[in-house]
Amino acid sequence: MKTKISVNYIAVVVLMCLVAMVMVNVGCKKEKDPVPVTLSDSTGISQILDNSAVATSLISEDVAGSVKRYGYVWVKSSESAAPPTLSDSEIEISGTLPASGRFSGRIFGLTVNTEYKLRVFVETNAGVLYG
């Protein structure tokens, strides 16, 4: 004996499937792109000696959060294609970050005729910001 399926039954099943698809689609939210963790700064190099140089920077924006420490990170260009991070060489500047955003520090352990990548870092309670 053949069973007849009602047209109403098929319509209800199709409608339930459509409702389920809409609910799944609405429940999936796209995550916002992460905010880049960078600082606007300008850095100059002076007093270059055989194994050291002085870096002077001006951070041109307010740093949100409580500053834990700040300074410079650097890496030999030939050793890394990526910008330097705290896992590379670093110098921490003592004291609080000046309100003017201007600070200097002597970078030691450099090699003559070697190219380096250098950037500012500021560590806050929210994370590490790089220039």
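Before you click, know that the model is predicted: local features need pLDDT of at least 70, side-chain atom pairs count only at pLDDT 80 or more, and totals for chains, interfaces and linings use all residues. Residues are numbered from 1 along each chain as its sequence is written, and side-chain values use heavy atoms, with hydrogens and water left out.

Strands here are DSSP runs (E, at least two residues), numbered from the N terminus. You now have an open, antiparallel sheet in the order E1-E2-E5.

Two strands count as paired if DSSP finds at least two bridges between them. Pick threonine 43 and you'll find serine 57 of E2 opposite.

Next, select 89-92 (E4) and 127-130 (E7), plus 116-124 for E6. The order in this open antiparallel sheet is E4-E3-E6-E7. E4 and E7 sit at the edges with one partner strand each, so each has a side without a neighbour in the sheet. From one strand to the next, the twist averages 30 degrees. E6 and E7 run antiparallel and share four bridges; show threonine 124 and its bridge partner, glycine 127 in E7.

**Stop three: the pockets**

A pocket is an open set of points on a 1 Å grid over the protein atoms alone, with protein on both sides within 12 Å along at least five of seven lines; lining residues have an atom within 4 Å of a point. Volume is the space filled by probe spheres (1.4 Å probe) set on the points.

For the largest pocket, select Ile45, Ile48, Ala53, Leu110 and Tyr116, which lie nearest its centre among 17 lining residues. Its volume is about 260 Å³. E2 gives the most to this lining, with four residues.

Finally, select Ile59, Glu61, Asp62, Val63, Val67, Leu97, Pro98, Ala99, Ser100 and Gly101 to see the lining of the second largest pocket, with about 150 Å³ of space.

Definitions and conventions: Axes fitted to C-alpha atoms, helices over the stretch in contact; angles between N-to-C directions.
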